[in-house]
Amino acid sequence: MADSLAEPLLRVDNLVRRYGGITATDNLSMEVLPGELHAIIGPNGAGKTTLISQLTGQVMPNSGTIRFAGRDVTSLPSYKRSRLGLARSFQITSLLKDFSAIDNVALAAQAHDGHSFRFWGNARKERHLRDTARAALERVGLGKRADIVVSQLSHGEQRELELAVALATKPQLLLLDEPMAGLGVTESARMVALLKELRREVTIVLVEHDMEAVFALADRITVLVYGRVIACGVPDAIRKHEEVKRAYLGEQHAVTRHG
Amino acid sequence: MKPKLNASNAVAALLCAALVLLPVYSAATGNIFILTLFTRIAIYALAAASLNLIMGYGGMMSFGHAAYLGIGGYAVGILATEGIGSGFIQWPVALAASALFALLIGALSLRTRGVYFIMITLAFAQMAYYVASALSRYGGDDGLTVYKRSDFAGLINLSDRTQFYYLCLGCLFGGLYLIWRIVNSRFGLVVQGVRSNEQRMQAIGFPAYRYRLVCFVIAGTICGLAGALLANNTDFVSPAVMYWTRSGDLMVMVILGGMGSLFGPVVGAIVYLLLEELLSQFTEYSGLILGPVLLLIVLFARGGIMGLLGRMSRG
Amino acid sequence: MYLVVEQLLNGLQFGLLLFLLAAGLTLVFGIMDFVNLAHGSLYMMGAYFAATFVTWTGSFVLGALLALGATLLLGIVLEYVALRHLYGRDHLDQVLATFGLILFFNDAVRLIWGPAGLALSLPAWLTVPVQIIPGVYYPAYRLMIIVVALAVAAMLYLVVMRTRVGMLIRAGASNREMIGALGINIKLLFTLVFGLGAALAGLAGLMQAPILTVQIGMGENILILAFVIIVIGGIGSIRGAFMAAIFVGIIDTMGRAFLPDLLRKVLSGAAASTAAPALSSMLIYLLMAIILVLRPEGLFPAAKR
């Protein structure tokens with residue numbers, strides 16, 4: 001487990017985000033330490049995706065601060081946060097569908113290789129962009145599928161590609177929004193194995209519904225209910241936490257009902 | 001990526017060859033008309049190609065693109081009226097004015113999306129139209145006659161039909177080459193990525209707005225060049241060239257030929273203007289046929305003519 | 001003062017006319033998500049039908065009613081034959097197809113009625129000025145336009161807000177999938193809505209006919225104004241269209257009437273007479289640009305999509 005005395009890589013203080021009458025993020029504070037895999041769980045509608053979107057800058061909070069790598073990023077637009085090393089994967093796969101797999105990854109590498117106001121040279125022939133992209137694809141096991149257009153890839157492959165895109169930006173912190181969503185048993189197992197390897201290289205915040213995966217992977221878990229943190233701690237502590245048990249009893253029913 | 005031999009590329013190659021050899025045919029048969037017709041086609045093809053850069057590759061559906069035709073044209077016309085006949089001054093001014101206009105309206109319009117973007121670009125073009133109508137010193141509603149074509153210090157004579165044709169063709173090919181380089185460059189990939197998924201591009205670290213804006217300005221500038229050529233071709237420029245139906249014509253050419261395909265707008269311009277011309281030969285009421293043809297193309301030939309060829313070559 | 005009242009009424013009358021045009025456009029846009037550039041052609045057809053039928057029948061009212069029916073029919077046929085196949089397609093495809101229809105209608109009109117415009121003269125009882133407040137006279141015909149358009153607007157409001165069909169229309173404007181889920185005959189509903197829009201456009205055209213010349217291309221300028229209105233008002237919102245139409249009508253009319261004098265106070269005579277017409281024509285577009293920059297979804301967004 002990570003050293004709790006270390007300076008946090010990401011620190012959220014008193015974050016609030018309201019939508020009309022609903023408070024999606026309710027005075028939320030949390031810390032992510034360098035090197036850890038920090039899972040965020042909570043019943044449907046707990047505000048997990050809203051939180052991630054605020055961390056990456058797609059959604060701006062009403063109040064509160066977000067500090068990343070010792071810097072206040074609360075009002076930075078998402079592209080600037082990305083450049084500081086904050087990468088995200090999306091819950092609903094949102095790749096560039098009409099681009100090939102390698103183009104998707106190469107663009108991510110390009111985003112972190114200076115500005116792109118270069119109008120003349122053929123970007124698809126730039127060796128180091130292509131090499132970085134190929135390496136990231138190999139990393140997630142998509143090396144042989146590089147030239148396939150995204151819309152032709154399977155759902156599981158698109159999930160892996162999401163990861164490759166995030167990796168190609170060489171992030172310090174990787175925010176993964178339900179990477180297991182919609183995956184079959186085998187695909188899920190592959191994804192867990194992949195995350196086990198990745199966590200050695202990069203700090204990860206993982207939002208996930210698959211509890212088995214979360215308890216297998218996480219160093220620490222934060223539990224959200226109605227936009228508030230009700231518990232934060234190591235997996236064993238969370239498993240025994242009374243309030244969490246109560247919050248999750250309903251959720252388990254909900255899952256079986258819908259599932 | 002090696003260029004592959006398929007129907008679309010074959011058509012494009014044949015087309016280029018035919019366009020280059022056209023003056024020979026014209027001289028051999030004494031058919032001057034075809035040369036003037038294709039001069040006009042080349043100019044409109046350049047304008048359509050520039051629209052294709054933002055519409056086909058950038059996903060920005062501008063409904064005010066004809067404004068640049070007018071701005072480029074008026075730059076030439078106004079300078080000519082004021083006694084500045086040199087193309088070395090007229091043309092850079094035409095390009096700069098178009099770029100500036102594109103920068104201004106792009107900076108505002110690109111804050112909106114979808115139909116709102118279509119409408120706001122249209123609104124700005126209409127404003128340009130009314131401004132031109134009010135230039136009473138330069139003809140107002142009636143338009144402005146350009147008594148002398150741009151003078152390039154004897155390098156090229158714009159009043160010579162063949163030379164002017166080759167100039168227009170050269171500008172078209174140059175414009176297409178530029179667009180081709182841009183589309184495959186780092187910049188071009190970013191712009192196409194933003195068309196595909198803007199949020200994603202932001203998330204991986206691209207300030208989408210800036211890239212779209214620069215692309216918008218490049219397209220406007222290229223179209224300004226087409227405007228300068230057009231004023232020289234017709235020896236005349238009027239507000240009518242900026243009216244929204246002209247912008248509609250340009251859109252039709254792009255969609256007809258095939259959006260997002262390099263030669264699509266050229267094919268579109270040729271087919272559209274040729275059809276218009278041919279129909280007007282035997283009927284006064286070309287719209288009666290052209291209109292339904294457009295409708296049928298939309299209903300049955302998605303992706304335009306180049307899209308059709310692409311599907312054919314794939315079997 | 002009288003001049004101001006008169007111009008205000010003119011602005012109101014123009015705005016109401018624009019509303020008739022914009023209402024159909026915004027319904028078709030909001031419900032079918034269909035961009036119909038040919039809406040202006042239906043307006044033009046309404047005017048031509050009216051000019052023809054009034055001459056045939058010798059009665060203004062009868063001719064107008066026949067023209068209204070003819071435009072309604074034309075709209076339904078148009079929807080049935082061609083446009084319904086374009087629902088759900090890309091906006092650009094719709095723009096291209098309906099642009100083709102504009103070309104078609106313009107030349108069809110030229111073929112049938114000839115290139116010269118037509119004039120539609122009013123019966124004597126509509127040409128008299130009416131005293132509206134002591135000392136202020138206003139043409140009876142323009143007054144009639146205001147009354148008819150207000151009545152139509154009220155009827156439209158009742159239909160949309162109070163009836164079952166209206167509920168479906170509103171549901172469709174805010175959530176297209178929902179009406180499908182309700183198991184309604186959507187095709188029929190769409191045809192009806194399109195026909196209604198066509199009839200409204202035709203009504204606007206035939207009422208405008210005696211004021212302006214009936215001519216080819218008359219629908220093109222006003223179509224853009226109608227688009228401006230639905231964009232300002234928020235796409236799919238009838239109420240937004242109504243407010244925006246009146247707003248645009250009054251601003252446009254007042255601008256044309258008073259801007260030249262205003263400008264002359266600040267600028268030299270020559271400069272003012274050059275700038276004024278351009279500025280008053282631009283006013284509406286300027287307004288729309290400002291509104292869109294500040295509120296990119298229009299002033300009254302119909303509903304969150």
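## Chain C: elements and dimensions

How many helices and strands does chain C have? In this predicted model, chain C has eleven helices and two strands. Along the sequence, the pattern reads α-α-α-α-β-β-α-α-α-α-α-α-α.

Along the principal axes, the C-alpha atoms of chain C fill a box of roughly 60 × 50 × 40 Å.

## The sheet of chain A

Chain A holds an open sheet of six strands. The strand order is E6-E7-E8-E3-E9-E10, and the pairing is mixed. Which strands stand at the edges? They are E6 (86-89) and E10 (228-233) of chain A. Each has a single partner strand, so one side of each is left without a neighbour in the sheet. On average, neighbouring strands of this sheet are turned by 15° against each other, direction ignored.

One pairing can be followed residue by residue. Strand E7 (residues 173-177) of chain A runs parallel to strand E8 (residues 203-207) of chain A, and the two pair over five bridges. Within this pairing, Leu173(A) stands opposite Thr203(A) in E8(A).

## Helices on the sheet

Helix H1 (residues 48-56) of chain A packs on the sheet. H1 touches strand E3 (37-41), E6, E7, E8 and strand E9 (220-225) of chain A. The direction of H1 makes about 150° with that of E7(A).

H5(A) packs on the sheet as well. The strands that H5(A) touches are E6 and E7 of chain A. The direction of H5(A) makes about 170° with that of E6(A).

## H4 against H5 in chain A

Two packed helices are described by the angle between their axes and the distance between the axes. For helix H4 (residues 127-139) and helix H5 (residues 155-168) of chain A, the axes come within 9 Å and cross at roughly 135°. H4(A) and H5(A) are therefore oblique to each other. The crossing of H4(A) past H5(A) is right-handed.

Which residues make the contact? H4(A) supplies Thr132(A), Ala133(A), Ala136(A), Leu137(A) and Arg139(A). H5(A) supplies Ala164(A), Leu167(A) and Ala168(A). By class, the residues of this contact are six nonpolar, one polar and one charged.

## Chain B against chain A

The contact between these chains takes 21 residues from chain B and 29 residues from chain A. On the side of chain B that touches chain A, the elements giving two or more residues are helix H6 (161-184), helix H7 (186-196) and helix H8 (198-203) of chain B. H7(B) gives the most, with six residues. The residues on this side of chain B divide into ten nonpolar, eight polar and three charged.

## Chain B against chain C

Here the contact takes 35 residues from chain B and 39 residues from chain C. On the side of chain B that touches chain C, two or more residues each come from helix H5 (114-134), helix H10 (244-257) and helix H12 (287-300) of chain B. Which element gives the most? H5(B) does, with 13 residues. By class, this side of chain B has 25 nonpolar, nine polar and one charged residues.

Definitions and conventions. Residues are numbered from 1 along each chain as its sequence is written. Chains are lettered from A and ligands numbered from 1 in the order in which they are written. This is a predicted model: local features need pLDDT of at least 70, side-chain atom pairs count only at pLDDT 80 or more; totals for chains, interfaces and linings use all residues. Two residues are in contact if their C-beta atoms, placed from the backbone, lie within 7 Å. Helices (H or I, at least four residues) and strands (E, at least two) are DSSP runs, numbered from the N terminus. Ala, Val, Leu, Ile, Met, Phe, Trp, Tyr, Cys and Pro count as nonpolar, Asp, Glu, Lys and Arg as charged, and the others, Gly among them, as polar. Axes are lines fitted to C-alpha atoms, for helices over the stretch in contact, and angles run from 0 to 180 degrees between N-to-C directions. Angles under 35 degrees count as roughly parallel, over 145 as roughly antiparallel, 65 to 115 as roughly perpendicular and the rest as oblique. A crossing is left-handed if the near helix is turned anticlockwise from the far one by less than a right angle, and right-handed if clockwise. Two strands pair if DSSP finds at least two bridges between them.
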